[in-house]
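I opened this notebook to keep a record of what I looked up, in the order in which I looked it up. Each entry takes one topic.

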Amino acid sequence: MSTMVYPREEKLEKLSQEEIISNTKLVIQGLEALKNEHNSILHSLLETIKCLKKDEEASVVHEKSSLLRKSVEMIELGLGEAQVMMALSNHLNAVESEKQKLRAQVRRLCQENQWLRDELANTQQKLQKSEQNVAQLEEEKKHLEFMNQLKKYDEDVSPSEEKDGEPPKDSLDDLFPNDEEEHTQGMQQQHNSAAVAAAQQGGYEIPARLRTLHNLVIQYASQGRYEVAVPLCKQALEDLEKTSGHDHPDVATMLNILALVYRDQNKYKEAAHLLNDALSIREKTLGKDHPAVAATLNNLAVLYGKRGKYKEAEPLCKRALEIREKVLGKDHPDVAKQLNNLALLCQNQGKYEEVEYYYCRALEIYECRLGPDDPNVAKTKNNLASCFLKQGKYKEAEVLYKEILTRAHEKEFGSVDAENKPIWMHAEEREEMSKGKHRDNMPYGEYGGWYKACKVNSPTVNTTLRNLGALYRRQGKLEAAETLEECAVRSRKQSNSGLDPVQQTRVVELLKEDGRRSRDSLSSVKYESGSEAGDEA
């Protein structure tokens with residue numbers, strides 16, 4: 001029996017589903033026929049039993065009928081199993097059909113999901129562009145209002161009155177610009193220096209969550225979205241006061257951040273109140289000689305400087321300098337930054353001897369600690385030259401301007417020689433040629449495209465070109481001045497690709513204004529200061 005079953009099972013395992021169903025149907029038909037045949041035989045046997053009279057013959061027939069009944073029962077069992085297999089097959093077909101439907105639905109949902117993702121991405125891009133356009137329009141509006149105010153001032157004050165009166169003070173935008181790039185790039189450096197000082201004193205270090213919040217607020221403020229930045233600061237400040245109390249260093253940090261946002265909105269009174277509150281908290285909780293106290297003092301001094309209160313700002317800046325020198329050392333770059341801010345305040349008060357001292361100290365620190373190619377070296381030299389110009393020390397200023405341009409040239413092209421000259425040497429050669437009536441009318445591109453290779457995307461070198469050109473005009477070197485001014489214009493055009501339209505408009509206006517003033521009167525030349533004063537959280 002087993003020898004007959006196993007080959008049959010191996011044969012069935014090789015059959016497909018359709019073949020198994022077909023064979024099952026044939027088996028059902030055969031079993032039905034066999035059942036009917038057995039039933040007819042059983043019926044005839046029963047009829048025969050009724051006719052038989054002998055007991056022996058009747059017992060034989062009874063035995064045969066019982067065997068037929070068992071056979072019929074086995075046939076019915078086989079039929080039941082075959083019907084179960086048929087039902088199972090129908091169920092599997094229904095399941096497979098449902099599975100195919102579900103797969104089709106999944107594919108359709110995936111396609112719809114991808115379409116929705118694409119639509120969401122496009123909508124987000126459109127929203128971002130719209131927000132950028134709105135921010136640019138708002139900045140253009142502010143710039144136009146600022147330019148209208150400048151026009152009124154230009155109509156009220158003539159060049160002769162400006163010459164006879166006191167020397168003009170640096171504009172607040174030049175003195176304390178809203179340098180958002182310095183905010184974001186300087187966050188990690190400020191954190192590192194503060195962390196070192198905190199480790200030295202075993203004191204407070206600004207939590208990472210507040211640094212992240214500061215970056216987020218600065219981003220919203222740079223986009224002009226103060227309606228988002230201010231509530232964000234206030235909510236964070238309220239949560240900190242609930243969890244930590246008012247007199248906590250984290251609360252003071254949040255007050256600093258909110259004060260900077262208010263200052264950008266020209267809400268100086270509110271900003272001053274918050275900074276004084278933050279200063280009081282930090283002095284109480286961290287001590288009066290903590291780097292965080294110096295940062296708050298610096299921010300308060302910057303705020304007073306923007307309001308023109310230079311005398312009130314100067315002692316705050318000096319105290320911040322003392323703290324930094326005590327904690328970080330007298331040759332730390334943060335000390336040089338504080339010296340730069342202090343020099344700016346003194347320069348607007350006419351304290352030029354102190355200005356020279358502070359700038360020379362800052363320059364020495366930057367050159368020793370950061371190297372001669374650090375951007376702060378050129379900025380500080382430019383600021384010191386501006387101080388020399390205000391005192392009439394034109395020769396000293398000229399030397400510094402030439403050092404800045406020479407260093408920039410060497411950084412791009414290598415050491416200076418007879419075939420590799422910086423732009424100011426070319427300008428003076430053209431001046432000599434013009435005086436000898438051998439003026440060269442060839443375009444400026446003849447000089448090797450210096451303005452292209454130098455990548456003047458920092459305002460310091462470009463400002464140096466314009467200032468040295470203005471100085472040449474004062475000295476009567478018109479050809480040299482025009483050469484530098486042309487280089488400045490072309491350099492700025494190369495770097496304008498990284499500026500927004502508002503900044504580009506302001507650059508053009510500044511260049512036009514410089515050109516008009518330079519040509520109208522040599523005695524009314526206005527020198528620009530590339531100075532920057534930084535804020536800290």
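**Entry 1: the chain as a whole**

I noted at the outset that this is a predicted model, and I looked up its confidence before anything else. The protein chain has an average pLDDT of 75, and 71% of the residues score at least 70. I then marked two stretches where pLDDT stays under 50. For residues 1-12 the model has 2 contacts beyond four places in sequence, and for residues 152-202 it has 79 such contacts.

For the secondary structure I found 21 helices and 0 strands in the protein chain. Of its 537 residues, 41% count as buried.

**Entry 2: the nonpolar cores**

Which residues touch the most other members of the largest nonpolar core? I found that they are Met254 and Leu468, in a core of 84 residues.

**Entry 3: H11 against H12**

Helix H11, residues 291-306, packs with helix H12, residues 310-328, at an angle of about 160°, and their axes are 8 Å apart. That angle makes H11 roughly antiparallel to H12, and I recorded the crossing of H11 and H12 as left-handed. On the H11 side the contact includes Pro291, Val293, Leu297 and Tyr304, while the H12 side includes Tyr310, Leu316, Ile323 and Val327.

**Entry 4: H12 against H13**

I then followed H12 to its packing with helix H13, residues 333-347, where the angle is about 165° and the axes are 9 Å apart. H12 is therefore roughly antiparallel to H13, and the crossing of H12 and H13 is left-handed. Among the residues making this contact I wrote down Tyr310, Cys317, Leu321 and Leu328 of H12, together with Val335, Leu339, Leu342 and Cys346 of H13.

**Entry 5: H9 against H11**

Are H9 and H11 roughly parallel or roughly antiparallel to each other? Helix H9, residues 249-264, packs with H11 at an angle of about 15°, with the axes 11 Å apart, and so H9 and H11 are roughly parallel. H9 passes H11 in a left-handed crossing. I listed Asn256, Leu260 and Arg263 in H9 as meeting Thr296, Asn299, Val302, Leu303 and Lys306 in H11.

I looked at Thr253, which lies in helix H9. Thr253 counts as buried because its relative accessibility is 1%, and the cut-off for buried is under 20%. Its C-alpha atom is separated by 9.3 Å from that of Arg211, which is 42 residues apart from Thr253 along the chain.

Is Asn266 buried or exposed? Asn266 lies in the loop between H9 and helix H10 (268-286), and with a relative accessible area of 53% Asn266 is exposed. I also noted that the phi of Asn266 is near 65°, a positive value in a residue other than glycine. Most residues other than glycine have a negative phi.

Ala343 has its place in helix H13 and is buried, with a relative accessible area of 0%. I found that Ala343 and Glu356 are 13 residues apart in sequence and 7.7 Å apart in space, C-alpha to C-alpha. Not counting residues up to four places away in sequence, Ala343 touches Val355, Tyr358 and Tyr359.

Last, I looked up Tyr366, which is found in helix H14, residues 352-369, and which is buried with a relative accessible area of 6%. The C-alpha atoms of Tyr366 and Ala336 are separated by 6.9 Å, although the two residues are 30 residues apart along the chain. Beyond four places in sequence, Tyr366 touches Pro333, Ala336, Lys337, Gly371, Asn376, Val377 and Thr380.

Methods:
Residues are numbered from 1 along each chain as its sequence is written. This is a predicted model: local features need pLDDT of at least 70, side-chain atom pairs count only at pLDDT 80 or more; totals for chains, interfaces and linings use all residues. Side-chain values use heavy atoms; hydrogens and water are left out. A nonpolar core is a set of buried Ala, Val, Leu, Ile, Met, Phe, Trp, Tyr and Cys residues joined through side-chain atoms within 4.5 Å. Buried means under 20% relative accessible area, exposed over 50%, partly exposed in between (1.4 Å probe, protein chains only). pLDDT is the predictor's confidence in each residue, from 0 to 100. Contact means heavy atoms within 4.5 Å. Axes are lines fitted to C-alpha atoms, for helices over the stretch in contact, and angles run from 0 to 180 degrees between N-to-C directions. Helices (H or I, at least four residues) and strands (E, at least two) are DSSP runs, numbered from the N terminus. Angles under 35 degrees count as roughly parallel, over 145 as roughly antiparallel, 65 to 115 as roughly perpendicular and the rest as oblique. A crossing is left-handed if the near helix is turned anticlockwise from the far one by less than a right angle, and right-handed if clockwise.
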